[in-house]
Amino acid sequence: MMEFEALGKDVREPRKKLEVFPKPANVKTVILESDEVTSLCPVTGQPDWETVIVEYAPDKYCIESKSFKLYLWSFREEGVFCEALADTIARDIYQACSPHWCKVTVIQKPRGGIKITASAFYGEGN
């Protein structure tokens with residue numbers, strides 16, 4: 001039986017820790033997607049809204065979804081460019097569950113008429 005710090009608990013604040021659980025035998029890829037991610041422009045402090053799509057091929061572990069939601073929440077007050085956000089999330093996913101590969105795409109909603117899409121890749125074939 002796994003012991004989770006967030007799942008099943010009353011957690012009311014963001015967290016940077018991504019929790020994992022053993023990969024079910026026949027799972028080959030996992031996709032996590034949220035269109036409710038916010039961060040701040042590191043220069044102006046204005047809010048940015050993003051869709052984050054995480055795709056990975058688990059080796060031994062999968063990311064637990066509640067910890068992922070709390071992790072994404074942690075960016076709400078953080079100043080970060082879209083491209084850096086994609087890289088940070090990909091690196092953190094890769095470090096947390098050591099998948100065969102991990103791809104993170106961040107799609108920032110238009111501000112000033114410009115939409116940004118950035119992807120970062122870690123793992124096999126990198």
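A residue is called buried when its relative accessible area is under 20%, exposed when it is over 50%, and partly exposed in between, with a 1.4 Å probe and protein chains only. Cys 102, at 0% relative accessibility, therefore counts as buried. The structure is a predicted model, in which local features need pLDDT of at least 70 and side-chain atom pairs count only at pLDDT 80 or more, while totals for chains, interfaces and linings use all residues. Residues are numbered from 1 along each chain as its sequence is written, and side-chain values use heavy atoms, leaving out hydrogens and water.

Helices (H or I, at least four residues) and strands (E, at least two) are DSSP runs, numbered from the N terminus.

The 16 residues of H2 (residues 82–97) should span 22 Å at 1.5 Å a residue, and its end C-alpha atoms are 23 Å apart, which agrees. The expected span is 1.5 Å times one less than the number of residues. Among the buried residues of H2 are Leu 85, Ile 89 and Ile 93.

A nonpolar core is a set of buried Ala, Val, Leu, Ile, Met, Phe, Trp, Tyr and Cys residues joined through side-chain atoms within 4.5 Å. The largest one here has 27 residues, and those with the most contacts inside it include Ile 63, Ile 89 and Ile 93. H2 supplies the largest share of this core, seven residues. Beyond its neighbours within four places in sequence, Ile 63 is in contact with residues including Leu 18, Tyr 56, Phe 68 and Ile 93.

The cysteines remain to be considered. A disulfide is a pair of cysteine sulfur atoms within 2.5 Å, and the structure holds zero disulfides. Cys 102 is in no disulfide, the nearest cysteine sulfur, that of Cys 97, being 6.9 Å away. The sulfur of Cys 82 is too far for a bond, because the closest cysteine sulfur, in Cys 41, is 11 Å away.

Key
Contact means heavy atoms within 4.5 Å.
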